[in-house]
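Please look through the structure below before reading on. The paragraphs that follow take it one part at a time.

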Amino acid sequence: MRVGRTLTHHFEIETRQYDLLGIDLGEGARRRMIIFGAVVIVLWVALLFPFIGVPQKPTVSLYIVPPFVITAFGWRSGKFHERRRRVTEWALSVRYALRAHRPIIGLGARAADKSEYLPWRERISTRKVADLAKARVTPEWEREVVVEVDPRVRAGADITVNQRARLLGSDYVQRVSRRTSSGKGRE
């Protein structure tokens, strides 16, 4: 099976909003980002309103700053997939932490049992969570590299690769090209 790779950046066309409620936005803000920000603000206000009530002078920043930060950082290109937004990567990582990937058995012939799902302790490293909870994160250069061998995996003998470089002259290359182009075989 052949795999094609795209080596160029994908072409994106975005619509921009240059004027909003009589305010000039300069070179324009992306319309999808504005719509995303509006949805985040509405959801955030709907979440906070029952607990805090009407925004007052001390709580205005609590109503404004988190949606702005989520919109500003969440609308950037993703770290791992350039065409995705970071909000999508955040949502997928939360979904994976909570539910994991559902195994497909027999091309969907039967649904997977709960015992076939990846358990929580394998999805989330408990040591990382404990270190984060204690605010104790060891630097990369002090971490021990532990390679755990899975007992279910049986490895065979080591493979040795013997490679030799050959320099072929132009006369040999011409003979081979004549042989393959004429279809006669050996000379």
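**A walk through the model**

Threonine 59 has a relative accessibility of 18%, so this residue counts as buried, the cut-off being under 20%. Its place is in the loop between H1 and helix H2, the latter covering 60–74. From there, the side chain of threonine 59 reaches the backbone nitrogen of glutamine 56, at 2.9 Å. When neighbours within four places in sequence are left aside, threonine 59 is in contact with Ile52 and Val54.

The mean pLDDT of the protein chain is 76, and 66% of its residues reach 70 or more. Helix H1, residues 31–52, has the highest confidence, at a mean of 89. The lowest is in helix H5, residues 126–133, at a mean of 65. Where pLDDT is low, the predicted coordinates should not be read in detail.

Helix H1 also takes part in an aromatic pair. A search of the whole structure finds one such pair. Its members are phenylalanine 36 and tryptophan 75, whose ring centres are 5.3 Å apart; the planes stand at 35°, so the pair counts as tilted. Phenylalanine 36 lies in helix H1, whereas tryptophan 75 lies in the loop between H2 and H3, so the pair ties together parts that are 39 residues apart in sequence. Are the two residues buried or exposed? Phenylalanine 36 has a relative accessibility of 18% and therefore counts as buried. Tryptophan 75 is buried as well, with a relative accessible area of 14%.

Next comes helix H3, residues 86–99, which holds glutamate 89. Glutamate 89 is buried yet has no salt bridge. The nearest side chain of opposite charge is that of arginine 86, 5.4 Å away; a salt bridge would need the atoms to be within 4 Å. A polar atom of the glutamate 89 side chain does lie 3.2 Å from the backbone nitrogen of lysine 79. Apart from its neighbours within four places in sequence, glutamate 89 is in contact with Gly78, Lys79, Phe80, His81 and Arg84.

The last stop is leucine 21, in the loop between strand E1 (16–20) and strand E2 (23–30). Most residues other than glycine have a negative phi. Leucine 21, which is not glycine, has a positive phi, near 55°. Is leucine 21 buried or exposed? Its relative accessibility is 80%, so leucine 21 counts as exposed.

Key
Residues are numbered from 1 along each chain as its sequence is written. Side-chain values use heavy atoms; hydrogens and water are left out. pLDDT is the predictor's confidence in each residue, from 0 to 100. Helices (H or I, at least four residues) and strands (E, at least two) are DSSP runs, numbered from the N terminus. Buried means under 20% relative accessible area, exposed over 50%, partly exposed in between (1.4 Å probe, protein chains only). A polar contact is a pair of N or O atoms within 3.5 Å; within protein, one must be able to donate a hydrogen and the other to accept it, and residues adjacent in sequence count only if both atoms are side-chain atoms. Contact means heavy atoms within 4.5 Å. Lys and Arg count as positive and Asp and Glu as negative; His and the chain ends are not counted. Rings of Phe, Tyr and Trp (its six-membered ring) pair if their centres lie within 6.5 Å; planes under 30 degrees apart count as stacked, over 60 as edge-to-face and the rest as tilted.
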